[in-house]
Amino acid sequence: MDANDRTAALVRNNWLEVCDEVAQACRESGRQPEDVTIVGVSKYVSPALAHQLVLAGCRNLGESRPQHLWDVHNYCDNYEAENAGIPAVNWHMIGHLQRNKIRRTIPTINYLHSLDSLRLASALSSECVLQAVELDALIEVNVTNDTSKTGLPKDALASFLSDASKLPGLNIRGLMAMTSRGASPTDTRKEFGFVRQLRDKLQSDAPDHVCLHELSMGMSGDFREAIAEGATLVRIGSNLWQGIL
Ligand SMILES: *Cc1c(COP(=O)(O)O)cnc(C)c1O
């Protein structure tokens, strides 16, 4: 085995292990593994390594920086063009998106997890209309009102949703949240539970055409708590790159 084969084998093992752990967490919470999508976060690695994760079976890739997302996307596209038969990947932008990056990012993503202002929502909507595409987006909520964190304060959600759900080209599908750094598993679970309750309340007050099915919550350190509280998308990075970084 050369170094590349060894790396590919490691990525594959890590991927299968994460799949197992997520499935296990689903069983423990009485949920179906199919109901939770693993978004493999590739921000730590090169496009070639990110692509190894796709070859290992991951069909959802997440990136927090637009430039890196474009690079990985390009790499995977080129590979697919030369090697027909690799199934398509769903692309998730999970970090803050500056408005000057919108035009180039829209054609490369299926999901934006980090909708955090009405200015961004309006700009995305205009660009989606221009490009004749629809974009699924999640509202990022700052549950703890921690000023060092991104996301909308919980008190702003209802009015934000009311405005954003009227914008053409943009479909609001649910909420995304991150928990406080260093919180205990019990507190982490409470925070995720709180996000789910926020979603339930928003859904019950929302117009009929708005379906807030998705909850993007849980990372390498807290996906079990997130799954127990109803996460439908978990964003896993570090656990997939163990032994590689
Ligand atoms: C990096 C990142 C993740 C993945 O975190 P890990 O702890 O490495 O699993 C998830 N979500 C966001 C928004 C991130 O930036």
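**Close-up 1. Helix α1 passes helix α2 in a right-handed crossing.** The model is predicted: local features need pLDDT of at least 70, side-chain atom pairs count only at pLDDT 80 or more, and totals for chains, interfaces and linings use all residues. Residues are numbered from 1 along each chain as its sequence is written, and side-chain values use heavy atoms, without hydrogens and water. Helix α1 covers residues 3–28; its axis and that of α2 come within 9 Å and cross at roughly 55°. That makes α1 oblique to α2. (Under 35 degrees is roughly parallel, over 145 roughly antiparallel, 65 to 115 roughly perpendicular, the rest oblique.) Helices are DSSP runs (H or I, at least four residues), numbered from the N terminus. Axes are lines fitted to C-alpha atoms over the stretch in contact, and angles run from 0 to 180 degrees between N-to-C directions.

**Close-up 2. Helix α2 packs with helix α3 at an angle of about 60°.** Their axes lie 9 Å apart. Helix α2 spans residues 47–56, and helix α3 spans residues 66–82. The angle makes α2 oblique to α3. The crossing of α2 and α3 is right-handed.

**Close-up 3. Residues surround the ligand.** The shell (a heavy atom within 4 Å) consists of V41, K43, Y44, S64, I94, M178, M219, S220, R235, I236, G237 and S238. Six are nonpolar, four polar and two charged. (Nonpolar: Ala, Val, Leu, Ile, Met, Phe, Trp, Tyr, Cys, Pro; charged: Asp, Glu, Lys, Arg; polar: the others, Gly among them.)

Close-up 4. The protein covers 88% of the 390 Å² of accessible area that the ligand has on its own (Shrake-Rupley method, 1.4 Å probe).

Methods. Helices (H or I, at least four residues) and strands (E, at least two) are DSSP runs, numbered from the N terminus. A crossing is left-handed if the near helix is turned anticlockwise from the far one by less than a right angle, and right-handed if clockwise.
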